[in-house]
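User: Please take a close look at a single residue in this model and its surroundings. After that, go on to the salt bridging and the nonpolar surface.

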Amino acid sequence: MSNQRVTKVKAIKVINSSYSSVFNIGDIHTLQPKTDVLAVQREGGISSDKGFELEKYPPIFQTELPFLEKTPMTQAHSHHCSSIHVPNIRVNGISSSAILQLGQVNQTFSRSRIKHIRILKD
């Protein structure tokens, strides 16, 4: 990681962080959050998750996802200040492989797969 700068934050408040989300302070080389979610809503309530296993939905949760080819690029950075100053950060929520990063990251591979099933009364 080149051209490093220091990030200075006076205060940060994260209300909620869930489902493979990442809140990282500092530099990191690689971030790779992954989430597989099967959400079932049944009108009138649901008493069991039996019959709704991830393995029953292979096209959604087991299919290989395509990634973009890496393209070489030339970058030039001109930092006029050796640090980044932020007075306050307030985040209501990060979820489903989302990333809140304070610092430098070299590579990020984030994946989220969600299947939502609603069962309504006739």
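Analyst: Glutamine 101 has a relative accessibility of 19%, and because buried means under 20%, this residue counts as buried. The model is a predicted one. Glutamine 101 belongs to strand S6, which spans residues 99-102. Its side chain has a polar contact, at 3.2 Å, with the side chain of asparagine 24. The side chain of glutamine 101 also reaches a backbone atom, the oxygen of glycine 26, at 2.8 Å. Once neighbours within four places in sequence are set aside, the contacts of glutamine 101 are Asn24, Gly26, Asp27, Ile28 and Leu31.

Next, the charged pair. The structure has one salt bridge. Arginine 111 and aspartate 36 form a salt bridge through their side chains, with an N to O distance of 3.0 Å. This pair links distant parts of the chain, 75 residues apart: arginine 111 lies in strand S8 (residues 111-119) and aspartate 36 in strand S4 (residues 34-42). Side chains of opposite charge can pair when their charged atoms come close. Arginine 111 is partly exposed at 22% relative accessibility, and aspartate 36 is also partly exposed, at 33%.

Last, the nonpolar surface. Ile12, Phe23 and Ile25 make a nonpolar surface patch of about 260 Å². Of these, isoleucine 12 sits in strand S1, residues 6-14. Isoleucine 12 has a relative accessible area of 31% and is therefore partly exposed.

Key
Residues numbered from 1 in each chain as written. Predicted model: local features only at pLDDT ≥ 70, side-chain atom pairs only at ≥ 80, totals over all residues. Heavy atoms only, no water. Patch = residues over 30% accessible without salt bridge, like charges linked within 9 Å, V, L, I, M, F, W, Y side chains within 5 Å. Areas by Shrake-Rupley, 256 points an atom, 1.4 Å probe, with all protein chains shown as cover. Salt bridge = Lys/Arg side-chain N within 4 Å of Asp/Glu carboxyl O. Helix = DSSP H or I, 4+ residues; strand = E, 2+ residues; numbered from the N terminus. Buried < 20%, exposed > 50% of the residue type's maximum accessible area, 1.4 Å probe, protein only. Polar contact = N/O pair within 3.5 Å; in protein donor to acceptor, adjacent residues only side chain to side chain. Contact = heavy atoms within 4.5 Å.
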